[in-house]
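Reader: Could you walk me through one part of this model up close, starting with the ligand site? I'd like the neighbours spelled out, and then whatever else you can say about a few spots elsewhere in the chain.

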Amino acid sequence: MIQFSLLLGLLGLLPSCWSASVPDSPLLLSPSCNDSRVLSMAGLALQGINADRKEGYQFNLNRVADVREHHQTGASSMYYLTLDVLETDCHVLSKKRWKDCAPRSLHKTVYGQCKAIFYTNLPKRILYLPTYNCTVRPVSRRKIVRMCPDCPSPSHIDGSDPWVSQAVSESLQKINKEAAVGKRFHLFQVTQAYSQWVFGPSYFVEYLVTEAPCTKSLPGSEKCLQPPADPKPVGICRGSLSKINQIKYVSGTCEFFESQTTSAPGIQSPEHQVPQQLAVPSTAAPLEEGPKGSVQFLPDLVDENDEVNQEKEPFVGFPVHIDLTTEPLGEVLHLPSRFMLEKEEMPIVLPFPERSRSNECPGPAENSNPLVLPP
Ligand SMILES: *[C@@H]1O[C@H](CO)[C@@H](O)[C@H](O)[C@H]1NC(C)=O
Ligand SMILES: *[C@@H]1O[C@H](CO)[C@@H](O)[C@H](O)[C@H]1NC(C)=O
């Protein structure tokens, strides 16, 4: 700590003329992106990101693109992580662990980059994700069509495609008829839609559903309530609708979420993948903490030529910005009181640093197909 304050003091003496392009703090280390500790921090940070999100599908870690580490007092560290991620088939509301969620097949891939700041204090058993931001895009449609012209292609999920709406309503009808007992499911939100020509048009949809109870009034007739004004999704359903030789085929199945009674935002007790001493304090996070970041969905990168056209400003395919501070020497980050840190133990957060010069970054990718790696 003495060294640290001394260094801060020395930095304070430097002329402030470097505000235009602030060099990274010399306190920042550049560990390897393949370091086992870095990988485990990256996995936990991603778990925190998935747990914080309310919409979309969980991300899984494709590779650590970059990492900087800032040692703090008391064997704790602040990590500045840049993670290349892939969307999985698990909805964030399913609360599954991303390691249990398979990445999508190539033609359905959504990929991108997250930046996250992650604080770890092992002696105090703290793992804390102060903030994150991500940008994702679907894989380039042109390139997929070139490789696999018959693969399913995405359809609009904003209600503008009547086939998608029909696939949703017919599969939901089938589910309500065959699987719903004492209740009825209602559409909450369409989350995914693909179409494909297989001897005829086929539509594949995924959607969140809410439920409302039904009561048997007369024999053979049911009276169902309308869903409440502020309904909560209870599960995700997958449906399909195909027409082959004038015959219609409809299918539908649902997966229901575990009831989310006291699931606190932040990291859910990750005991199966984290050494015991890393276990997160089980006290629920105060609700007023709110979301820690956001995910930006951009359209697919249409063509390499587009990048050349934008010569004036260097083209950034996956713009992700996070800043908790713009103060070059950083600021004290006040952790929520549940972590019970003394004032002088509170960590310092710096502006999100530039790329490290470590040649051990990016780390090895789970899926190294250039189509799914942010440039
Ligand atoms: C995350 O991105 C959003 C939108 O680009 C931005 O408004 C927000 O300030 C960013 N968060 C942080 C912590 O910088
Ligand atoms: C990453 O680390 C693993 C295990 O330590 C090692 O087997 C692998 O060769 C490393 N990969 C790279 C690209 O350095």
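Author: Ligand 1 has an oxygen atom sitting 2.9 Å from a polar backbone atom of D323. On its own, ligand 1 would expose 370 Å², and the protein buries 48% of that. Keep in mind that this is a predicted model.

Who else is around? The residues around ligand 1 are T131, N133, S294, H321, I322 and D323. Sort that shell by class and you get 4 polar residues, 1 nonpolar and 1 charged.

You'll find H91 in strand β3. Its relative accessibility is 2%, so H91 counts as buried, the cut-off being under 20%. Leaving out residues up to four places away in sequence, H91 touches K54, G56, Y57, Q58, T191, L208, I236 and F257. Two of those names come up again. A polar atom of the H91 side chain lies 3.5 Å from the backbone oxygen of G56. As for Q58, it is 33 residues from H91 in sequence, yet the two C-alpha atoms are 5.7 Å apart in space.

Next up is T109, which belongs to the loop between β3 (76-91) and β4 (110-121). Is T109 buried or exposed? With 5% relative accessibility, T109 counts as buried. Its side chain reaches the backbone oxygen of S105 at 3.1 Å. If you skip residues up to four places away in sequence, T109 touches L86, R104, R137, P138, V139 and V372.

Last stop, helix α4. This helix covers residues 162-178, and a quick length check works out: 17 residues at 1.5 Å a residue should span 24 Å, and the end C-alpha atoms are 24 Å apart, so the two agree. The N-terminal end of α4 is capped by D161, with a side-chain oxygen of D161 lying 2.9 Å from the backbone nitrogen of W163. Which residues of α4 are buried? They are V164, A167, V168, E170, S171, L172, I175 and N176.

Terms used: Residues numbered from 1 in each chain as written. Chains lettered and ligands numbered in written order. Predicted model: local features only at pLDDT ≥ 70, side-chain atom pairs only at ≥ 80, totals over all residues. Heavy atoms only, no water. Helix = DSSP H or I, 4+ residues; strand = E, 2+ residues; numbered from the N terminus. Expected span 1.5 Å × (residues − 1). Buried < 20%, exposed > 50% of the residue type's maximum accessible area, 1.4 Å probe, protein only. Polar contact = N/O pair within 3.5 Å; in protein donor to acceptor, adjacent residues only side chain to side chain. Near = heavy atom within 4 Å. Areas by Shrake-Rupley, 256 points an atom, 1.4 Å probe, with all protein chains shown as cover. Nonpolar A, V, L, I, M, F, W, Y, C, P; charged D, E, K, R; others polar. Contact = heavy atoms within 4.5 Å.
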